[in-house]
Amino acid sequence: MTTLVQRCQTLEAKIKSLAQAKSLATDLKHIQQRTGEWQARHSKLMNLRAQTAPLTLASQDAATLASKKGALRQNAQKVLSRLLEKDDIKELTRDAAWTRLLNACEGFTDELDAAGRRAWRAHLEQLGTLESPNTLRLRTPPMPSNDDALQAYQVSYAAFSAIARLELPRSPDDLVQISAHVASCRQAFARLAFDLPDEVKAFYDAIYAGTATLAHVTPTVAKWLGEQGQLDRFRVRSAHR
């Protein structure tokens, strides 16, 4: 038969086992909480660093970030040292050290975000200003070669605008792509004709109004169309069937 002493010993062992399980559960809860708090902030910071890496930050912003990065590293080292020394996850929140670390990470992230946005705007300004396709269409004479150039311009301008509207570039490829779109816009812009001889302008106005006749094809118009390689783009049709 099991003696009373043996029963007490068994009960004591179970109590210790339950206490250890409860302690482990408490430690696990603290670990999950601290891990979640840090990972949320660290992940945001790492994503932001990847976005701002291809940008050239202003010197003043770079100095401010260096200072905040130093403070973050100092707080992180203090927390890590405490954890290694005490080997107890609850030691992290014994005082304000853990809160200071989280705040330092958030402060560095916020400063990097603001500096990155300023650097991105500066980069866009360096690329130069592009007119909207609608503005260009209003101030260019209607003619087939201008229509072709404006269509090419509009495609590149739309791609440029999609990237330029971003608060920050998504990757280094965005900087490469937006520069290429600006170059394509300028190439299309160079093909636009803004000044036309009066007779040529009258000819195109009549073409687009559907009222053009052979009378509009004056020697000046025919010569200009030939020089621009536009003669083959037009066909003569009788107004009567």
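This is a short tour of a predicted model, stop by stop.

**Whole chain**

Start with a cartoon view. The chain has 8 helices and 0 strands. Followed along the sequence, the pattern reads α-α-α-α-α-α-α-α. Now colour by accessibility. Of the 241 residues, 29% are buried.

**Salt bridges**

The whole structure holds 8 salt bridges.

Select Arg41 and Glu106. Their closest N and O atoms sit 2.8 Å apart, in a salt bridge. This pair links distant parts of the chain: Arg41 belongs to helix 1 (residues 4-52), Glu106 to helix 3 (residues 97-127), and 65 residues separate them. How accessible are the two partners? Arg41 has 22% relative accessibility, so it counts as partly exposed. Glu106 is partly exposed too, at 31%.

Next, select Arg117 and Glu167. Their side chains meet in a salt bridge, 3.1 Å from N to O. Arg117 is in helix 3, while Glu167 is in the loop between helix 5 (144-164) and helix 6 (172-190), so the pair ties together parts that are 50 residues apart in sequence. Check the accessibility of each. Arg117, at 26%, is partly exposed. Glu167 reaches 52%; the cut-off for exposed is over 50%, so Glu167 counts as exposed.

Move on to Arg118 and Glu111. Here the salt bridge spans 3.8 Å, N to O. Arg118 is partly exposed, with a relative accessible area of 36%. Asp61, Glu111 and Arg118 are linked in a network of salt bridges.

**Largest pocket**

Where is the centre of the largest pocket? Select Thr213, Leu214, Val217, Arg235 and Val236, the lining residues that lie nearest that centre. The space inside is about 410 Å³. What is the lining made of? It divides into 10 nonpolar, 2 polar and 2 charged residues.

**Nonpolar patch**

Keep Leu214, Val217 and Val236 selected. These residues form a nonpolar patch on the surface.

Finish by zooming in on Leu214. Leu214 sits in the loop between helix 7 (198-209) and helix 8 (219-227). Is Leu214 buried or exposed? Its relative accessible area is 62%, so Leu214 is exposed.

Methods
Residues numbered from 1 in each chain as written. Predicted model: local features only at pLDDT ≥ 70, side-chain atom pairs only at ≥ 80, totals over all residues. Heavy atoms only, no water. 1 Å grid on protein atoms, 1.4 Å probe; cavity = no way out; pocket = protein on both sides within 12 Å on 5 of 7 lines; lining within 4 Å. Points joined across faces, edges and corners; volume = space filled by probe spheres on them. Nonpolar A, V, L, I, M, F, W, Y, C, P; charged D, E, K, R; others polar. Patch = residues over 30% accessible without salt bridge, like charges linked within 9 Å, V, L, I, M, F, W, Y side chains within 5 Å. Areas by Shrake-Rupley, 256 points an atom, 1.4 Å probe, with all protein chains shown as cover. Salt bridge = Lys/Arg side-chain N within 4 Å of Asp/Glu carboxyl O. Helix = DSSP H or I, 4+ residues; strand = E, 2+ residues; numbered from the N terminus. Buried < 20%, exposed > 50% of the residue type's maximum accessible area, 1.4 Å probe, protein only.
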